Amino acid sequence: MTVAVVENWVEEPLRRFVADARVRLALLLHTSGQVLAQSGFTRSVDVMSACALAAAIHASAGELGKQLDGKPFHVLHHAGKERQIFLAPARTPRGLYIFLSVFDKESSLGLVQLYYGEFVDRLVAAAPPAEPPPVVLPENFEGELNRNLAALFGRA
Amino acid sequence: MSDSPFAEVLAALTRQRGVLGSMVVSEADGIIVDSNLQIGVRGSVVAALAASLYRKARLSAQAAGLGTSSFVQLEAEQGRVCAVGRGDLLLVTVAEARANVGLIRVEMLRATQVLDA
């Protein structure tokens with residue numbers, strides 16, 4: 001399974017997760033919706049859509065959790081007929097990321113949860129020292145997004 | 001202690017000599033439905049991996065034309081993991097190496113009637 005990353009420190013943890021958990025798709029993104037790494041996608045437009053939707057779901061679920069429970073919901077799992085999604089935050093020294101994974105009968109929710117925990121531990125261990133958070137201005141967003149997609153799909 | 005329909009059978013299994021814990025697990029999800037575990041047994045980890053192992057063993061048996069698998073036993077250096085399934089549920093037992101696996105097997109096969117109910 002091909003893994004493409006914007007920042008190299010993410011590659012090994014993601015590669016291990018995909019191999020261990022046997023998932024079809026995996027995506028790591030900033031909370032703003034900017035992609036950081038992906039596995040299993042073949043078209044940049046799919047990555048762009050998945051990032052936008054994952055960031056929106058994370059934001060909505062977080063706000064709903066705050067309203068209902070006083071704190072954001074942590075993990076979201078949605079089971080379809082053939083495929084299932086697992087959406088969870090990944091907190092590292094570099095900041096908070098969103099992790100999206102799609103799996104089918106080759107894997108299971110239990111396995112994905114198990115290896116997600118290990119994935120986050122590896123991310124934390126691999127993360128370089130924290131930098132000041134980049135400011136993604138609305139006018140820069142599309143340029144940043146295209147730059148990351150180009151890096152992932154070899155058009156940089 | 002849980003008062004689920006599985007509590008009694010899980011307690012009886014875990015009382016067996018050398019048994020460290022037993023769980024009812026969803027085969028498709030690898031998630032614990034109910035459990036009776038001694039302290040130190042990583043239930044969710046065992047459940048996820050045992051369900052995956054059982055599912056693959058079941059598919060292997062079917063692919064080989066042997067029908068459905070009835071009882072799966074993983075023998076390791078310091079103990080055993082046993083699993084038996086009915087429908088979408090699995091009964092998983094973690095035991096020390098000194099445990100009487102024959103007795104555990106009989107108890108587990110008997111206990112699967114509860115999974116049917």
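Let's start in chain B of this predicted model: strand 3 (residues 72-76) of chain B and strand 4 (residues 79-86) of chain B pair in the antiparallel sense, with five bridges between them. A hairpin of two residues links strand 3 of chain B to strand 4 of chain B. One pair to look for is B:Q73, whose bridge partner in strand 4 of chain B is B:C82.

Over in chain A, there's an open sheet of six strands, in the order 1-3-2-6-5-4, with antiparallel pairing. Its edge strands are strand 1 (3-5) and strand 4 (76-79) of chain A, each pairing on one side only. From one strand to the next, the twist averages 15°.

| Strand pair | Bridges | A bridge partner pair |
|---|---|---|
| Strand 3 and strand 4 of chain B | five | B:Q73 and B:C82 |
| Strand 5 (residues 84-92) and strand 6 (residues 95-103) of chain A | nine | A:A88 and A:F99 |

Now for the helices. Helix 1 of chain A lies across strand 1, strand 2, strand 3 and strand 6 of chain A, at about 155° to strand 1 of chain A. Helix 3 of chain A lies across strand 4, strand 5 and strand 6 of chain A, at about 20° to strand 5 of chain A.

How do these two helices pack? Helix 1 (residues 11-21) of chain A and helix 3 (residues 109-126) of chain A have axes 9 Å apart and an angle of about 165°, so they're roughly antiparallel to each other. Their crossing is right-handed. Among the contact residues are A:F17 of helix 1 of chain A and A:Y115 and A:F119 of helix 3 of chain A. By class, this contact has nine nonpolar, four charged and no polar residues.

Key. Residues are numbered from 1 along each chain as its sequence is written. Chains are lettered from A and ligands numbered from 1 in the order in which they are written. This is a predicted model: local features need pLDDT of at least 70, side-chain atom pairs count only at pLDDT 80 or more; totals for chains, interfaces and linings use all residues. Axes are lines fitted to C-alpha atoms, for helices over the stretch in contact, and angles run from 0 to 180 degrees between N-to-C directions. Helices (H or I, at least four residues) and strands (E, at least two) are DSSP runs, numbered from the N terminus. Angles under 35 degrees count as roughly parallel, over 145 as roughly antiparallel, 65 to 115 as roughly perpendicular and the rest as oblique. A crossing is left-handed if the near helix is turned anticlockwise from the far one by less than a right angle, and right-handed if clockwise. Two residues are in contact if their C-beta atoms, placed from the backbone, lie within 7 Å. Ala, Val, Leu, Ile, Met, Phe, Trp, Tyr, Cys and Pro count as nonpolar, Asp, Glu, Lys and Arg as charged, and the others, Gly among them, as polar. Two strands pair if DSSP finds at least two bridges between them.
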